[in-house]
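User: I would like to learn how to read the cores, a helix face and the pocket of a protein model, with the criteria stated as we go.

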Amino acid sequence: MINGIINVYKEKGYTSHDVVAKLRGIFRQKKIGHTGTLDPDAEGVLPVCLGKATKACGLLTEKDKVYEAVLLLGKTTDTQDSSGNVLAEEEVACSGKQAAEAIASFTGQIKQIPPMYSALKVGGKKLCDLARAGVEVEREPRDVTIFSIQIQEISLPRVRMQVHCSKGTYIRTLCHDIGQSLGCGGCMESLVRTRVAGFSLENAYKLAEIEGWVQKARAENPEGALTRESLQGLVEETDYVFLQYPSSSVKPEFSKLLYNGNPLKPEWLTEWDSSYQQSSLRIYDGNQVFAGIYRWDGDRKALRPIQMFLP
């Protein structure tokens, strides 16, 4: 079984679930999961976890993300993107300067009402399934953070922009809300995710490229099992996405406690600094095998595991 993370370039027309299904076939293993849904019409970076690395999926969905989007003003749709049914069309009477000022007002912490066409569940049912059945339900506004919006081009009725945002942000809804604030309506015309969790668009691989890479590795070693080492450069080690955290390893005599998932005392580590109390910490065993992410527990005066990645 392959353990690690692949930077997949999700192409238009595929759902995130489609990507996982394709990769299960390519790698011939079931334990694969993605780290955050991209709409079928969107494209770009989709980190996919294999094997033990699937334990990181929940942690990676917490990461902030960067997108390039095209806002189309003057058109409102039921899906909040250009693929939906048109609900209204209005003349775009604002100037480029007014559009830029309206867009700038959406930076910082804002509230968004999740769109009906989304995978969120209400009462155990996906909103998108309810929407397709013609049912609309009330949704609670949610706090999200727009760290920055950089306008790359204004050619009304279109605005091309780069958005750096927190988890849970709907760029479709951001485009819709900007259009509403300008009084002409708006929707998202295109979306590319360019960065998430240390993975960038420049180093992402399309499914056909991944399949070719795997086929080549199998052809070069027909009798051997496929390994992460045979796919060097394609599959990153699990700890790759946590390199922003400091690291330490456990002294050999305390390895068993590490393998059992016990809280760790500072004196059991080969390195310790008081600053580690302010951050998550990557912990390795005596052989420098990545064991898990730990965080300081002031009450217990020890590091407790947040997520273990050992077998």
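Predicted model: local features only at pLDDT ≥ 70, side-chain atom pairs only at ≥ 80, totals over all residues.

User: How many helices and strands does the protein have?

Analyst: Helices (H or I, at least four residues) and strands (E, at least two) are DSSP runs numbered from the N terminus, and the protein has seven helices and 18 strands. Buried residues, meaning those under 20% relative accessible area with a 1.4 Å probe and protein chains only, make up 45% of the 311 residues.

User: Which residues have the most contacts inside the largest nonpolar core?

Analyst: In soluble globular proteins, nonpolar side chains tend to be buried together. A nonpolar core is a set of buried Ala, Val, Leu, Ile, Met, Phe, Trp, Tyr and Cys residues joined through side-chain atoms within 4.5 Å. Here the largest has 25 residues, and those with the most contacts inside it are Leu71, Ile149, Met161, Val163, Ile171 and Leu174. Among the elements that give two or more residues to this core are strand 4 (65-73), helix 3 (96-104) and helix 5 (171-181). A second, separate core of 20 residues includes Val19, Val20, Ile32 and Leu46.

User: Where do the buried residues of helix 3 lie around its axis?

Analyst: In helix 3, Ala99, Ala102 and Ile103 are buried. They lie on the same side of helix 3, because they cover an arc of only 100° around the axis, taken from the directions from the helix axis to the C-beta atoms. Their cover includes strand 4, strand 10, strand 11 and helix 5.

User: Is Ser166 buried or exposed?

Analyst: Ser166, in the loop between strand 11 and helix 5, counts as buried because its relative accessibility is 15%. Leaving out residues up to four places away in sequence, Ser166 touches Asp64, Val144, Thr145 and Phe147, where contact means heavy atoms within 4.5 Å.

User: Which residues are closest to the centre of the largest pocket?

Analyst: Of the 37 residues that line the largest pocket, the closest to its centre are Thr37, Leu38, Asp39, Tyr170 and Arg172. On a 1 Å grid over the protein atoms alone, a pocket is an open set of points where a 1.4 Å probe fits, with protein on both sides within 12 Å along at least five of seven lines, and lining residues have an atom within 4 Å of a point.

How values were computed: Residues numbered from 1 in each chain as written. Heavy atoms only, no water. Buried < 20%, exposed > 50% of the residue type's maximum accessible area, 1.4 Å probe, protein only.
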